[in-house]
Amino acid sequence: MATVIESKKACTVNPLKMSQPLGACYAFMGLDNCMPMMHGSQGCTSFGLVLLVRHFKEAIPMQTTAMNEVSTILGGLENIEQAVLNIKKRANPSIIAIASTGLTETKGDDVDGYLNLIRRKHGEALTGTEIVYVSTPDYVGAFEDGWGKAVLAVIDAFAQPCDRDAGLVNLLPGAHLTPADIEELRETIEAFDLRVQVLPDISGSLDGHIPDNFTPTTLGGTRVDTLRRVGAAAATLAVGARMDAAAAAIEERCGVPFRVFDRLTGLAAVDDFLQYLSELSGRPVPPKYRRARTQLLDVMLDAHFWVGGRKMAIGAEPDLLYALATTAAEMGAEVVAAVSTTPSRVLEAVPCAEVLLGDLEDLEMRAKAAGAELFITHAHGRQSAARLGIPLLREGLPMFDRLGAAHVLRVGYRGTRELILGWANTFLADEHVNTPEDWPLPQESIVAASEGSQASGCGSGGCGCASSAEIPETVASGT
Amino acid sequence: MDARVSAKIQDVFEEPACEHNQNKSAKEKKKGCTKQLSPGAAAGGCAFDGAKVALQPIVDVAHLVHGPIACEGNSWDNRNSSSSTSQLYRTGFTTDINELDVIYGGEKRLFKSVKEIIEKYDPPAVFVYQTCVTALIGDDIEAVCKKASEKFGKPVIPVNSPGFVGPKNLGNKLGAEALLDYVIGTEEPEFVTPYDINIIGEYNLAGELWQVKPLLDALGVRILSCISGDGRYKEVAYSHRAKAAMMVCSKSMINIARKMDERYDIPFFEGSFYGIGDMSETLREIARLLVEKGAPEELKVRTEALIAVEEKRAFERIAAYRPRLEGKKVLLITGGVKSWSVVAALQEAGLEIVGTSVKKSTKEDKEKIKELMGQDAHMIDDMTPREMYAMLKDAKADIMLSGGRSQFIALKAKMPWLDINQERHHAYAGYEGMVDLVREIDKALYNPIWEQVRRPAPWDVAVA
């Protein structure tokens, strides 16, 4: 179990962390026909947009209130008003979802107040378009926090008590789940004859499908009418500790009981999940998953030769770090360095002596000191891994120098299988070929073999072949 | 706003070498060249982005961003500007300020950050970038940099271009101002030659400078300093000893070119490495300016000989694609010089340009387009993504050449697309680059996937 410490450095070098508003907008991407918007200067949106485009290789709808120094000082009411009307006119989305930034939070814009004024003034013009707001200053928290807060804000805006539907469940995926992960969980839940509504559902919008027509907003995701029906579910399943608050909020408002699964990667965690679904639905675990389970067992058996005892350095946001590190430890690997971005209750449970809230420079130095053999983090770890001369496995966002980020699967038996195979194959590919020089004898043995005396050591004492305390003064000084 | 920043912005707005400005009244000039951004309908980077983009290609410098995590954390190491030596410019340094810094000020953290960087990485200089939040709370980066320079005996350069002062293009110029104020003219080269030039506004994306450098090497022309692609700090610092300069990429750093002409008598011309004719014209201009400044006349003769050989070689290679590309329609969505500079090469390959965007182009750029494509050239001022999609979907164009932002518009319309903006991985400069561009277009157009992805699924055909 880990001690969580914070980096003492003034200067962050090679950031692991990304900002809250970006995490919030990423969550908003999972709402159908939505236009996410950052309330800040246009660079805030531009950087976030480029990052997501490079990760998903998809067009990303994201707007900005384009604040400048004057509007910042005077307050952003006018900019938000204009932006909302402009977006309504040009894209006519179902939802405009706004995240604040460091700039507008420093000034202290009362966006909730502004939105009340705007709704009052333009109520008619904005019919058919909901507006959601979340406060996410850049200088607090990280990407994962922004995602969590955005989901909470959406629930606050739409959740209401409704008639209970025993066959319906809510799924709240954490920021670390990919479109493929969500798809896998949906299929799994449906295999128990349950119906599922996912919030937010990036598998509908960022899975890389080709729509029949061009749309300037998100291409799919959770619909507004679904958001209003979260209270109808028999239960809420949340994945990742960051979703605690959102799951609890649905219970508080609508009385829907919830269960948070801290991870759905790793044999025991998935067993737990299927058992829960079986109890919830009153149906046995379908044969498909029983078979997938034995396939995973087989892969674990095959892979443990290569993964067991290997040293890994992992840098990721809390929920992803927890899922990866626990699975690694369950395979007998040693997590020798763990770096994360923001406090979370799961960090203490990471199987590593220490979890540092820091950057990729920290991870690199710790990996080096501990002799890590595998570097696991997002694509920005490429420079560190190259300097360390060890392989990099890309996990999390951004993954801009490989294709298929949307299709990476890390949950369920299948996802766990893929993950473990990836590790094992990396070690296999990197396997050391033995050479005649691999097992040299220590100097002591060579001297012993040539001179026939056992206790003399190398004679100098400086090589550490014998402790100097045992060597007489005259011998130690070489006289 | 910081009075120094507003003075700088005013100075940049009044840039006399910019022909936009020459046609303006004094009052218009004062208003500046920044179009008011439209909230909810804006795209593009901020002034910080622009300054960073302009200076980050100086490879041996530590580029430290003073601000919250968004400014560096969301954007670092995301450009394809190449280095032949140091990789330090790709290291992301940021003060990552927290809530307490916002309340008490971030200057101490900034000073400590500079200290940590110098102790750990020992770069020849540290560039400190101001951002919106730290500007708003009043952190004085000039003062911190001055103090740090004195304390550590190393140049610590303030780049005062917070995002909210304007768009990316303004940031380019504010970044350039930092070089003029603090770097250029502070060191001396070991030796000078009559063949020393500066290249200004070239960022060596995908290593494009290296497609051109062999030509200059062959002529004996030395790039004393490239600002800023594959640049080193000291090269920029002694760039004031060049004999002549070339200004690349429209006008992003026009202020450096003009002020160096004014201060150090380094004449400059505006040229481009994109397109065969432009490459040749650029070589001629370099030779002309160097000869004017005292280089032997024979440089011009050698230059012409080189141009003759290289043009022939390039056109021969491009003509080979003509039978395959003849009549194919190209939609060109880019900005500035590229709106016309690649047109000639594409036409040489038999391609037809059905439209070119002129959003970021100058009046001069537009004249050149007319010259190349005729009076009825289809110039697109501001095309919405929906219109681009429709144009491609209706097959009014066979391929779109554009920047990464619009690539998915083409791909989702199941049409070929080629990246010709800053994130591309292919180099398209010089004679070699144009041949490569035509080859890439050919590769994209004739890829067998197009036919497959456009064919409907068998069950859809059965229904229809």
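Predicted model: local features only at pLDDT ≥ 70, side-chain atom pairs only at ≥ 80, totals over all residues.
Local features are reported at pLDDT of at least 70 and side-chain atom pairs count only at pLDDT 80 or more, whereas totals for chains, interfaces and linings use all residues. Residues are numbered from 1 along each chain as its sequence is written, and chains are lettered from A and ligands numbered from 1 in the order in which they are written.

## Overall architecture

The table sets out the two chains. Helices (H or I, at least four residues) and strands (E, at least two) are DSSP runs, numbered from the N terminus. A residue is buried if 20 or more other C-beta atoms lie within 10 Å of its own, exposed if 12 or fewer, and partly exposed in between, with C-beta atoms placed from the backbone.

| Chain | Secondary structure | C-alpha extent along principal axes | Buried residues |
|---|---|---|---|
| Chain A | 19 helices, 15 strands | about 100 × 60 × 40 Å | 56% of 479 residues |
| Chain B | 24 helices, 13 strands | roughly 75 × 65 × 50 Å | 52% of 464 residues |

The radius of gyration of chain B is 23 Å, which agrees with the value near 23 Å for a compact globule of 464 residues; it is taken over C-alpha atoms, and the globule rule is 2.2 Å times the number of residues to the power 0.38. Two residues are in contact if their C-beta atoms, placed from the backbone, lie within 7 Å. Among contacts with a separation of 6 or more, residues 24 or more positions apart account for 70% in chain A and 72% in chain B.

## Strand β9 of chain A

Strand β9(A), residues 235-239, has five of its five residues buried, so it is largely enclosed by the rest of the structure. On one side lie A:A235, A:L237 and A:V239, and on the other A:T236 and A:A238; both faces are covered.

Two strands pair if DSSP finds at least two bridges between them. Five bridges link β9(A) in the parallel sense to β7(A), residues 168-173, with A:V239 as the bridge partner of A:P173. A further four bridges join β9(A) to the parallel strand β10(A), residues 258-261, where A:R259 stands opposite A:L237. Helix α11(A), residues 244-254, carries the chain from β9(A) to β10(A) in a right-handed β-α-β crossover. Right-handed here means that, with the strands pointing away from the viewer, the path from the first strand over the helix to the second runs clockwise.

## An open sheet in chain B

Chain B contains an open sheet of five strands with parallel pairing, in the order β11-β10-β9-β12-β13. At the edges stand β11(B), residues 379-380, and β13(B), residues 417-419, each with a single partner strand, so one side of each is left without a neighbour in the sheet. Strand β12(B), residues 399-402, runs parallel to β13(B) and is joined to it by three bridges; B:S402 has B:D419 as its bridge partner.

## Nonpolar cores

A nonpolar core is a set of buried Ala, Val, Leu, Ile, Met, Phe, Trp, Tyr and Cys residues joined through C-beta atoms within 7 Å. The largest has 247 residues, of which A:V151, B:L64, B:V128 and B:A245 touch the most other members. Helix α7(A), residues 143-158, gives the most to this core, with nine residues. Apart from this core lies another, of 47 residues, including A:A303, A:I314, A:M331 and A:A338.

Leaving aside residues up to four places away in sequence, B:L64 touches A:C11 as well as residues of chain B, among them B:F93, B:V114, B:I117 and B:V128.
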